[in-house]
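Thanks for coming, everyone. Let me put the structure up, and then I'll walk you through it.

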There are 2 protein chains.
Amino acid sequence: MREVAILGVGQTPVREHWELSVRQLAAMAGRAALDDADLDRVDALYVGNMSSDRLSKQANLGTAVADQLGLWGIEAVKMEAACGSAGSAMRQGLLAVASGEMNAVLVIGVEKMTDTLGRETSAALATAADADYEVSQGITFVGLNALVMQRYMHEYGYQHSDFAPFPLNAHANGVKNPNALFQQAINQKIYESSRLIAEPMRLYDASPIGDGAAALLLVPAAKAPQAVRVIGSASATDTLAVHDRHDPLWLAAAEKSAHQAYRQAGVGPDDIDIFELHDAFTIMAALSLEACGFAERGEGVRLGQEGAILPNGRIPISTLGGLKARGHPVGATGLYQIAEVTLQLRGTAGAAQIDGLKTGMAQNIGGSGATIVTHILQK
Amino acid sequence: MREVAILGVGQTPVREHWELSVRQLAAMAGRAALDDADLDRVDALYVGNMSSDRLSKQANLGTAVADQLGLWGIEAVKMEAACGSAGSAMRQGLLAVASGEMNAVLVIGVEKMTDTLGRETSAALATAADADYEVSQGITFVGLNALVMQRYMHEYGYQHSDFAPFPLNAHANGVKNPNALFQQAINQKIYESSRLIAEPMRLYDASPIGDGAAALLLVPAAKAPQAVRVIGSASATDTLAVHDRHDPLWLAAAEKSAHQAYRQAGVGPDDIDIFELHDAFTIMAALSLEACGFAERGEGVRLGQEGAILPNGRIPISTLGGLKARGHPVGATGLYQIAEVTLQLRGTAGAAQIDGLKTGMAQNIGGSGATIVTHILQK
C-alpha cells in the first residue's frame, strides 16, 4: 500500500447557514481544499454525512456535491456512520489512494442541521442509537451519555465539577478559531450553573449542533513530499447499544482503532503531541483519553485537572475548540478534526497554533462509542 | 492492486418481510454469504442502503448489522448512492481488498420499504432526485422517467407497445427464481392494458419496491483460484438533474463506467455473455444497452424486439427477473445483480441457468442515471 498525504484542506465556519443548501455548503469546503492543493480535478469524491436525506430531502449526496463542484463524471458516494461519517469517508479515501487505483481523492464531511425544527433534528440524531432496543425505550442520545457519566462518577468518585476543565479548555481555544461556532470563554461558575439537561449532565457538558463542512484532498505521499502524511488509520466497532457492552465505561472500539493506528504508525501514546478527540460530551473526552492510553482507567478526568489537556500541556486536546466550541455538525466533525490537526502540524493554525508539534491524532466517534475511527498524522 | 474474487454469495427472497427488522434482514443475507464462503470472520463490513434512517429509524447501519451478525470489533460503514448504494458498497469492498489492507470483506445491500405508509416510502425515494431543482417542482421519480421515455419514443419513432419485450422477458425469467417477488409470467396484452401511471408509462414499465438483502464475500483472488473473479469495476456520475444534461437520452455515466470496466477487464461488449442491467423502468433497460455498446443510439428497444435479450439470445438480461420481477429493494439491488451474475457463472442459477457463460456484467444505477456502477465478472 502507498503512503497517503494531505495536500489540501478546506473548511467553512460552523454557523447557522440558512442561506446555503447542504450541497452548496459542502462545495464551499471542497472548493477550498481543491484551491489549497492547487488542483481542479480528482478521481473520486467521498462525502461523509449523516442525515441530508431527512433534513434537506436530498439523498445521493456524493453525486449532488460532485455536480455542485462541476466535477461531472467522477466517482462519488456518500459514507454514513452517524457522527463518525466523516472519519469513515476519510478511511475510504485513504484506501482508494493507497490501493493505487486513484491519484487524487476529495473527501468532504458536511451536515446541515439548523434548517428544520429542533425536534426533527433531534429525531434524526436519535437514529444514531439502537432503534430497536434503546430509542424504543424513549431514551435520548443525551440521556444515554448522562447514564454513562453518572456511572463513571459513581465508580470513580468524581463530582460534576471535576469535569469542568474539558469545556473550559475547549471554549478558551475556540476563542482563537474564527471558524468556531462559539468564540467565548467560559469559567467554572458558568459551567456548574448551566441548566441541567439530563442528570448529571448540564448544558456545557454537551456539544452544540451546527451547519458546517470540512474537506481534505488526498494524494500519494510520493507526489507531495512536503505535505502532512497519514501514518496510521483504523476503524473499529462495538455493540450498537450501550447496555450490550461488557463495560459501558470502556470504549473498546477506541482502544482497538487507536492501537491498530499506533501499530501502523510505529508510535505510541507518548509520541502523540496533539489529540483532536470526540468531545461530544465531557464524559466522552475522559473515556477517549483512557481508551487511547493517555490515562489509566478512571483517570481521564485527572488529565483535565492537572492541565495536561491545555495547549501547553502534555497532550493538548480540542485545540481549535473541539466539538464543544467549534461545534458539532455531526457528519462533518471527523474531517474538521483531521483538518485541524493538519493545520497544527503545518504550523498554520493561527492564534491557536501550538509550537513544536510533530505527530497528531484525530478520533471520530459514531453513536455512543459504537463506531470509532482513528487517524495519526505526521509532518 | 490485487485481483479480487467472490467467495460467498447470500440473498433473501424479495418480499414484504414485516416480521424482520432491517438489520435482521441484512444479517440473513450476510450470514448466508459467510456460510457459502465457509468463513466466520471478516476484516470489514460495507452495507449499501438508501433509507433505513427514514424508514426504520436506524442510521449507522454498518455497525448495526455488524452487531447483529456478532462481528463485534470489525470496521463497518454504510454507503449510500440512492438506488446505486449496493454497487457503491461493492466498489469500496473491492478497493479495500485490492489495496492489500484487508483479506476478507463482507458487502451487504439491504432495503426495507414496506413497513411504512406508501407515501412515506415515496417521499424517501424522491430524495434520490435533485431536491432543489427537480423535486421542488413537484415531479416524481416515475414522472422523470416518463418524460425521458416520451422523448425517446418521439425521437426514434417507437410506440409504447414496442417496449413490451423487456417486462415480458423479466417476468418469464422471474418464474424461475424462487427469490423473486413476482413469479408470474405476463403477456403483451397484460403489459399494454396495465394502468397508466405517468404517460406514456404504464404499471408494467416500472419495477416494484420490496424488502430484501443480498451479500457477497470478497477475498484476494489468489486465495480462491476456483471462485468467480471481478475483472472490471468502475463508477461514474452525471449531473443529478436530468434537465442539466446535454442529452437526456444518453446515459453518459453508464458509458463512462462501462468503458472503464471494459478497459480494466480487457474485454468489450462482444465478450459479455450476460448483462444484469438496471431495469427500474423499461426505458432505462433500453438506454443502458445503448450506452454500454450493445446497440446503436435509439436501437436498444430493437434488441428486445429481436429476442437478443432472452436467455438464449445474444445478450441475455434480467435472467433472474431483473428489477422488474425479482423486485427492487433499492439499496440492495446492486448486490442482487452481482450475486445473480456470480450464480450464473458458477452454474448454480437453478432453473434460470444459462449454459456456456464465461463473462458477465452487472450495472447499478442511482438516481435517474446520476450515479452508475459497472462490474465485470469472469469464471
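Ground rules. This is a predicted model: local features need pLDDT of at least 70, side-chain atom pairs count only at pLDDT 80 or more, and totals for chains, interfaces and linings use all residues. Residues are numbered from 1 along each chain as its sequence is written, while chains are lettered from A and ligands numbered from 1 in the order in which they are written.

Confidence next. pLDDT is the predictor's confidence in each residue, from 0 to 100. Chain A has a mean pLDDT of 97, with 100% of its residues at 70 or more. For the complex, the predictor gives an ipTM of 0.97 and a pTM of 0.98.

Now symmetry. Chain B superposes on chain A by a rotation of 180° with 0.0 Å of shift along the axis, at an RMSD of 0.0 Å. The two copies are thus related as by a two-fold rotation axis. In chain B, the C-alpha nearest that axis belongs to Ser99(B), 1.9 Å away. The same surface serves both copies, as 100% of the contact residues of chain B recur in chain A.

On to the contact itself. Two residues are in contact if their C-beta atoms, placed from the backbone, lie within 7 Å. Chain A gives 51 residues, and chain B gives 51 residues. On chain B, the elements that each supply at least two residues are α2, α3 (61-68), β3 (75-80), α4 (85-98) and β8 (228-237). Helices here are DSSP runs of H or I with at least four residues, strands are runs of E with at least two, and both are numbered from the N terminus. Which strand supplies the largest share of that side of chain B? It is β3(B), with six residues. By class, the side has 21 nonpolar, 19 polar and 11 charged residues. Nonpolar covers Ala, Val, Leu, Ile, Met, Phe, Trp, Tyr, Cys and Pro; charged covers Asp, Glu, Lys and Arg; the others, Gly among them, are polar.

Strands count as paired if DSSP finds at least two bridges between them. Within that pairing, Lys78(A) sits opposite Glu80(B).

Now strands inside chain B. Take β11 (371-378). Seven of its eight residues are buried, so the strand is largely enclosed by the rest of the structure. Buried means 20 or more other C-beta atoms within 10 Å of a residue's own; exposed means 12 or fewer, partly exposed is in between, and C-beta atoms are placed from the backbone. β8(B) runs antiparallel to β11(B), joined by eight bridges. There, Arg229(B) has Gln378(B) as its bridge partner. β10 (359-366) of chain B also pairs antiparallel with β11(B), over eight bridges. In the hairpin of β10(B) and β11(B), four residues lie between the strands, and Gly367(B) takes a positive phi near 70°.

β1 (4-11) of chain B pairs with it antiparallel over seven bridges. β4 (105-111) of chain B does likewise, antiparallel over seven bridges.

One helix. In α5 (118-126) of chain B, Thr121(B), Ala124(B) and Leu125(B) are buried. Down the axis of α5(B), the buried residues fall within an arc of 100°, so they line one face of the helix. That arc is taken from the directions from helix axis to C-beta atoms. These residues pack against α2 (52-55) and α6 (141-156) of chain B.

Last, the backbone spots. The peptide bond between Glu199(A) and Pro200(A) is cis, with omega about 5°. The bond from Glu199(B) to Pro200(B) is cis too, omega near 5°. Ser318(A) is not a glycine, yet has a positive phi of about 50°. Ser318(A) is buried, with 30 other C-beta atoms within 10 Å. Asn60(B), also not a glycine, has a positive phi of about 45°. Asn60(B) lies in the loop between α2 and α3 of chain B, and counts as buried with 34 C-beta neighbours inside 10 Å.

Methods:
Least-squares fit on C-alpha atoms with pLDDT ≥ 70 in both.
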